[in-house]
Amino acid sequence: MIIIGEKINGAIPSVAKAIAVKDADFIRNLAKIQSDAGAAFIDVCASVEDSLELETMKWLIDLVQEVTDTPIAIDSPHIQTCVEAIKFCKKPGLINSVSGEGNKIEVVFPIIADTKWECVALLCDDTGIPKTAQERLKVFAEIMIKAKTYNIAPSRLHIDPLVEMLCTSEDGINMVVDVIKEIKAQYPEIHVTGGFSNISFNLPVRKMVNQAFTVLAINAGMDSAILAPTNQDLMGMIFATEALLGKDECCMEYIGAYRAKLFGQKK
Amino acid sequence: MSKIEEVKARLEAGKAKLVPALVQEALDEGSEAKDILQAMIDSMGVVGDQFSKGEIFVPEMLMAAKAMTKGVDVLRPLLVGDTSSSKGTCIIGTVQGDLHDIGKNLVAMMIESAGFDVVDLGVDVSPAKFIEAIKESKNVTIVGCSGLLTTTMTAMKETVQTIKASGLTGFRVIVGGAPVTQEYANEIGADGFAPDAGSAAVKAVELVKSL
């Protein structure tokens with residue numbers, strides 16, 4: 001499982017406060033604990049007013065890079081910010097994200113074409129989030145045509161099929177599962193990602209829903225996840241599920257993660 | 001770190017994919033095959049000890065043994081004809097009436113890692129089959145009888161006593177399994193007992209020295 005650590009996000013009140021008062025240690029610590037907890041990328045999202053976004057991104061990315069070599073996931077709804085922030089990064093990371101909306105792909109793909117940068121692509125377009133599996137797969141097909149044009153290998157793409165909250169869903173996660181399976185069938189090398197906690201929004205005891213979702217999503221083929229790697233319950237569930245699915249020879253990953261104190265014992 | 005030390009470290013960490021290449025590198029650097037083998041046997045001793053103490057889990061021991069097997073594959077062509085490093089043959093099986101083999105397999109694996117050639121007779125093995133295998137195999141030094149069920153303890157007793165009464169010599173008989181104790185081993189006339197796979201290998205080596 002590729003873990004994208006989600007904790008440095010200005011939409012989280014404590015982070016917004018740290019950004020406002022320029023509390024560098026707070027940000028450094030978030031980077032460090034996520035890196036130690038097994039994150040493959042540290043997501044950085046400023047969530048500040050547009051005029052401050054790029055400089056805030058630079059401040060955040062610099063702080064992360066002071067304490068860890070873990071690559072950055074540049075997270076912004078503004079595609080220009082994503083592209084501009086590439087130059088702040090010491091090594092190739094992840095663009096989070098493009099989608100079928102506007103010209104996002106046309107802006108990003110040529111820039112990352114001949115690099116090792118990876119990219120998250122959401123299955124929505126200018127009409128919003130498609131309601132059916134068929135429509136989402138249509139957005140996917142268009143993304144893949146452009147990926148081919150710019151010679152971006154499927155293994156560099158993390159497709160987010162857009163898991164919506166369970167409390168208002170009519171069929172649970174069945175539709176998304178269909179989408180994931182089809183994507184993986186077409187491109188076995190591609191990554192399928194998503195937020196692992198959005199699903200439980202507005203339900204009691206959210207961690208139950210999140211953990212059950214983890215099992216089902218991994219079973220469907222999700223192999224990349226946007227979550228807080230410091231959440232030991234979720235991390236343990238991920239390693240256990242992968243072992244149960246035969247993706248972990250002799251449970252060595254599970255045991256190794258336990259030994260690294262990623263779950264089951266306090267750091 | 002010398003190449004041999006690197007082999008040991010990787011083997012103890014269960015890195016089955018890395019060990020064969022490191023063994024080859026150690027050979028290329030001029031190390032003797034038998035020294036590399038001995039280093040790996042020592043490492044498996046460490047692993048067995050960690051397992052006995054509950055410090056590592058079954059899969060970690062399994063992966064170390066896999067690493068050992070793959071390392072030995074590299075050495076095998078160089079060791080052919082050199083019997084000095086072999087500790088002889090170990091005949092092992094789960095006694096008649098008992099179909100459990102997980103513990104027996106772990107013991108077989110660890111004993112093989114300790115430098116024995118292992119003949120695994122499988123499960124539900126009659127005393128006659130043990131005798132036959134001892135007669136047919138070369139240089140038998142250890143016979144291991146396993147059993148998990150309390151109800152098959154009598155079969156273990158019969159097996160050990162049949163082997164002892166057969167007149168065949170040159171080997172030691174060890175017993176093990178959940179209900180088996182040192183007292184029981186003494187009572188039925190076995191030469192040795194071990195509570196787990198790691199200590200079984202140590203016990204086998206120790207008994208062979210006394211032959």
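These notebook entries record what I looked up in the structure.

**Basis.** I worked from a predicted model, in which local features need pLDDT of at least 70 and side-chain atom pairs count only at pLDDT 80 or more, while totals for chains, interfaces and linings use all residues. Residues are numbered from 1 along each chain as its sequence is written, and chains are lettered from A and ligands numbered from 1 in the order in which they are written.

**Sheet of chain A.** I looked up the strand order first. Eight strands of chain A form an open sheet in the order 7-6-5-4-3-2-1-8, with parallel pairing. Strands here are DSSP E runs of at least two residues and helices are H or I runs of at least four, both numbered from the N terminus; two strands pair if DSSP finds at least two bridges between them. The edges are strand 7 and strand 8 (224-227), each of which pairs on one side only.

**Strands 3 and 4 of chain A.** I then followed one pairing. Strand 3 (residues 72-75) runs parallel to strand 4, over three bridges. Asp75(A) has Asn96(A), in strand 4, as its bridge partner. I noted that the peptide bond from Asn96(A) to Ser97(A) is cis, with omega near 15°. Ser97(A) belongs to strand 4 (residues 94-100).

**Positive phi.** Leu162(A) has a positive phi of about 70° and is found in the loop between strand 6 (157-160) and helix 7 (174-186) of chain A. Leu162(A) counts as partly exposed because it has 18 C-beta neighbours inside 10 Å. Val205(A) has a positive phi of about 45° and lies in the loop between strand 7 (191-192) and helix 8 (206-220) of chain A. Val205(A) has 8 such neighbours inside 10 Å and therefore counts as exposed. With C-beta atoms placed from the backbone, 20 or more others within 10 Å make a residue buried, 12 or fewer exposed, and counts in between partly exposed.

**Nonpolar core.** I recorded 141 residues in the largest nonpolar core, where Val44(A) and Met110(B) have the most contacts. Such a core is a set of buried Ala, Val, Leu, Ile, Met, Phe, Trp, Tyr and Cys residues joined through C-beta atoms within 7 Å. Its largest share, eight residues, comes from helix 4 (residues 58-79) of chain B. Leaving aside neighbours within four places in sequence, I listed the contacts of Met110(B) (C-beta atoms, placed from the backbone, within 7 Å); among them are Met44(B), Ala65(B) and Ala197(B).

Notes
Two residues are in contact if their C-beta atoms, placed from the backbone, lie within 7 Å.
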